[in-house]
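User: I would like to learn how to read a few features of a structure. Please take them one at a time.

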Amino acid sequence: EMTSSLVGSEMCIRDRCPGAAMTVEQKIQVAMQLEALGVDVIEAGFPVISDGDFHAVRTVAERTEKSRVCGLARCVEKDIIAAHEALKVAGDRERIHLVVATSPIHRKYKLEKSRGQIREMAVKAVAMASGLCGEVQFSAEDASRTEPEFLAEMVEAVIDAGAAVVNIPDTVGYTMPEEYYRLISYPVSYTHLRAHETRRHL
């Protein structure tokens with residue numbers, strides 16, 4: 001019998017934009033409040049991107065006690081190592097969040113890679129991260145503009161490689177609600193998907 005549960009995941013202290021970036025201390029203050037509110041997963045930053053983000057992720061991992069702490073990483077070795085180094089103080093609360101773009105426009109112009117190369121990158125990254133920490137999350141960037149059959153192939157491949165959570169984001173705010181429902185339904189029915197997250201930019 002299939003059961004479902006809702007897990008609260010917050011990434012407001014990860015994302016940044018001009019004029020709205022948090023200091024390390026501000027990130028820590030928000031993280032502590034999120035844990036006090038009972039948030040299950042706190043995505044604290046992108047450790048490889050700067051010394052400040054690395055320090056923020058490590059400090060959040062050190063100071064929190066209950067929430068799972070997550071760090072963002074691209075599907076490349078240096079990102080995964082940096083994320084693990086920042087997060088390992090969290091012990092079994094560590095989660096590495098891997099991301100790679102999957103849509104045709106991103107494959108062609110951003111990554112200049114084929115479907116097969118993207119799938120191989122993701123599988124290798126998930127396998128590596130799974131060997132370092134207890135829980136791996138995978139995101140297909142720009143999933144809403146990705147071919148449904150390729151998205152399903154990616155989801156199945158990363159689950160087989162060890163991903164515990166799969167995120168299917170509408171990265172650029174492209175889809176309508178009914179389209180998003182169909183987008184998520186396809187890989188869920190196609191694969192043995194155990195846990196998934198969605199993210200809409202409104």
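**A loop residue, a helix pair and the cysteines**

Analyst: Start with Glu-65, which sits in the loop between helix 2 (51-63) and strand 3 (68-74). Helices (H or I, at least four residues) and strands (E, at least two) are DSSP runs, numbered from the N terminus. This is a predicted model, where local features need pLDDT of at least 70, side-chain atom pairs count only at pLDDT 80 or more, and totals for chains, interfaces and linings use all residues. Residues are numbered from 1 along each chain as its sequence is written, and side-chain values use heavy atoms, with hydrogens and water left out.

User: Is Glu-65 buried or exposed?

Analyst: Buried means under 20% relative accessible area, exposed over 50%, and partly exposed in between (1.4 Å probe, protein chains only). Glu-65 has 65% relative accessibility, so it counts as exposed.

User: Which residues does Glu-65 touch, not counting those up to four places away in sequence?

Analyst: Contact means heavy atoms within 4.5 Å. On that basis Glu-65 touches Glu-35 and Arg-93. Arg-93 is 28 residues from Glu-65 along the chain, and their C-alpha atoms are separated by 8.6 Å.

User: How many disulfides are there?

Analyst: A disulfide is a pair of cysteine sulfur atoms within 2.5 Å. The count by this rule is 0. For Cys-70, the nearest cysteine sulfur belongs to Cys-133 and is 8.7 Å away.

User: Are Cys-70 and Cys-75 buried or exposed?

Analyst: Cys-70 has 0% relative accessibility and therefore counts as buried. Cys-75, with a relative accessible area of 8%, is buried too.
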